[in-house]
Amino acid sequence: MRLPRTRSVVGAVIAFGASALAWEVFARSGSLPPAITPPVEAIVAAVAQMVRDGTLFVHVGYTLARIGAGLALAALAGVPLGMLMGRVRPVERFVLPLVSVLSPIPSLAWVPLFILWFGLGNTASVALVFYAALFPLVLNTWTGVCAVNRLWIRAAESMGAGPGAIFRHVVLPGALPFVIAGLRQAFARGWIAVVGGEMIAATRWGLGWVIFDSKEFLNTDVMLGSLAVIGLLGLGFERLVFAALERRTVERWGLVQGARP
Amino acid sequence: MLGLMPPKLFPGVDRIVATFWRLIASGVLPAHALGTLARLAVGFALGAVAGVLLGLVMGRSRWAEDVLLPLVSVGNPIPGLAYAPLFVIWFGLGNLPAVLLVGFAAAFPVAVNTWTGVRAVKAIWIRSAVAMGARERQIFRKVVLPGALPAVMTGLRLGLARAWRVLVAVEMLTSVPLGLGWLIFGAREFLATDVMLAGIAVIGLVGLGLEKLVFEPLERLTVVRWGMLAR
C-alpha cells in the first residue's frame, strides 16, 4: 500500500475547504433562498441530528441490506452461470445473446415494471440490484474462465488431475481476478440501482428514499447530507472492502501483482 | 401465457410486438426516442467538454491535480440519480435539470480517464519532442493529445453509458415533455405493461446502437488508425 503523500493530503484539505467556503459564500449571499441552498453548518447539523436520533443508521442499514441481498443473489446465480458458459459450449451459445441484449438496458428502466410485478417495498429494490449486478458478474466470470491459460490445464491433466481437481485448483483460482473485478463492477452498478430504486419503489427507509422524501418538505440540508453519506459509503466500499478482498485472495495467491486502485 | 400469471401484468410476446409496431406506426415511439436522444446529445456534449478540460488541467498541472482530484474521486461514486431531487429543486421540472444532470454524471468518468491518459503519456516522448525543439503548444497538440486519446475514448464511452443510464431514470422524475423514461413511467399509471416493455426494448436497442454504431467506428477512425491501439 502506498502511503498518501502529505502533498495530496494538503491538496485535499485545500480542495474541500475551498469548495465549502465557496458554497458558504454562495449560500449566504442571498441570491437564492436559504431553503434551497443551505449553508454548510445546516448540512452538518442535519446529519448530526440524523445520527443522534439513529435514523441515519436505519437508512444506511436498509440500503446496505438491500444491496447485500441483491448482490448475494446475483453472485449465486451469475458466477455459476458464467462458469458454465466458459466450460460448456451450448450454454454459452444459448446465454450469450440473451445477456448481450439485456445488459445494455439500464436497470432503472425496469423500475416501473418491477413495481407492478413485485409491488412497492423491498422486493422491487432487491430485484433491481439483482438485475443490475447480474450482467457484470456473468460476463466477467465467463471472460475469466475463457482466459485461463490452456497450458495450465494441460499441465494439470498430464499430471493426472481429474476434471473436478482441474476445476477446483486451476480454473477457479485462474478466473478469480476476473470474478472479483466483476464483483466490483456489480457493486458500483448495484449502488446506483439501489439508490434509484429506493427513490421510486421504497416505502419507509433507505438513503435514496430519504432524499426523495426530503424533497417533498424542501429539506435540502437533509438531502445534501444524505448525498454525502452515499458518496462516502460508496467510496469506502470501493477502497476498503474490495481492495482488501483483492489483497486477501488474488494478490496473495500471486495472480496479479499489486493491483492498482 | 399458461394462465399462471395475469396477462395484464405479463403480456405475451405477440402483444408486445404488436404494441411495438402500433407505437412506431403512430409516431409515438419515434417522437419519445428523439426527445430522449436530443437530451442525451446536449447533456453528454456538455459533460464531455467539461470532463476533458478538467482531466487535461488535472493531468498537466500538479497543483490542479492535488486540489481537484479529491473532489472528483468523492463525486465519482455518488450515483448521478441521487442528485435528481436536488436538481429538480434548483432548476425546476422539465428539460433543464435532466440535461444538466446528464452532463454532470457523464463528466466524472471522462475527467478521470482523461487525467489517467495524460499521465500515461511517456515522459520519454515528451523529452524527445523537447529535444527536437518542439514548443509547449506543439508538444500538447502532437504528443500529449494523441497519447492520451485511447484513455479519453474509454472515458467518453463510460461517460456515455452512464449518461444513458441516468437519463432514462431522470426522465421518470422530472416530467419532461417527451422521453422514453417518461413513456415507461406514464404507462404504469394505465397498467399498459405492453407499452412499458416495448419502451424498454427501444431503450436497450438504442443503448446497443450507440455502442456499436457511434463508438466502434469512432475508435477505428482515430485511435486504431493512428496506431495507438492494436485491434
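Predicted model: local features only at pLDDT ≥ 70, side-chain atom pairs only at ≥ 80, totals over all residues.
In chain B, helix α2 (residues 28-60) and helix α7 (residues 136-173) have axes that come within 10 Å and cross at roughly 135 degrees. Here axes are lines fitted to C-alpha atoms, for helices over the stretch in contact, with angles running from 0 to 180 degrees between N-to-C directions. That makes α2(B) oblique to α7(B); under 35 degrees would count as roughly parallel, over 145 as roughly antiparallel, 65 to 115 as roughly perpendicular, and the rest is oblique.

Residues are numbered from 1 along each chain as its sequence is written, and chains are lettered from A and ligands numbered from 1 in the order in which they are written. Helices (H or I, at least four residues) and strands (E, at least two) are DSSP runs, numbered from the N terminus.

| Helix pair | Axes come within | Crossing angle |
|---|---|---|
| α2(B) and α7(B) | 10 Å | roughly 135 degrees |
| α3(A) and α4(A) | 6 Å | roughly 125 degrees |

In chain A, α3(A) spans residues 55-87 and α4(A) residues 89-102. They too are oblique to each other, but α3(A) passes α4(A) in a left-handed crossing. L81(A), L84(A) and M85(A) of α3(A) meet V91(A), E92(A), V95(A) and L96(A) of α4(A). By class that is 6 nonpolar, no polar and 1 charged (Ala, Val, Leu, Ile, Met, Phe, Trp, Tyr, Cys and Pro count as nonpolar, Asp, Glu, Lys and Arg as charged, the others, Gly among them, as polar).

Back to A163(B). Leaving aside neighbours within four places in sequence, A163(B) is in contact (C-beta atoms, placed from the backbone, within 7 Å) with residues including L40(B), F44(B) and V102(B). A163(B) is also one of the residues with the most contacts inside the largest nonpolar core, which has 126 residues. Such a core is a set of buried Ala, Val, Leu, Ile, Met, Phe, Trp, Tyr and Cys residues joined through C-beta atoms within 7 Å.

Then there's N113(B), in helix α5 (residues 95-120) of chain B. N113(B) is buried, with 24 other C-beta atoms within 10 Å; 20 or more count as buried, 12 or fewer as exposed, and in between as partly exposed, with C-beta atoms placed from the backbone. N113(B) and G55(B) are 58 residues apart in sequence, yet 7.3 Å apart in space, C-alpha to C-alpha. By contrast, helix α6 (residues 123-131) of chain B lies largely in the open, because 0 of its 9 residues are buried.

As for how the chains meet, 36 residues of chain B are in contact with 39 residues of chain A. α9(B) gives the most to chain B's side, with 8 residues. That side has 27 nonpolar, 5 polar and 4 charged residues. Chain A itself has 10 helices and 0 strands.

How values were computed
Contact = placed C-beta atoms within 7 Å. Left-handed = near helix turned anticlockwise from the far one by under 90°.
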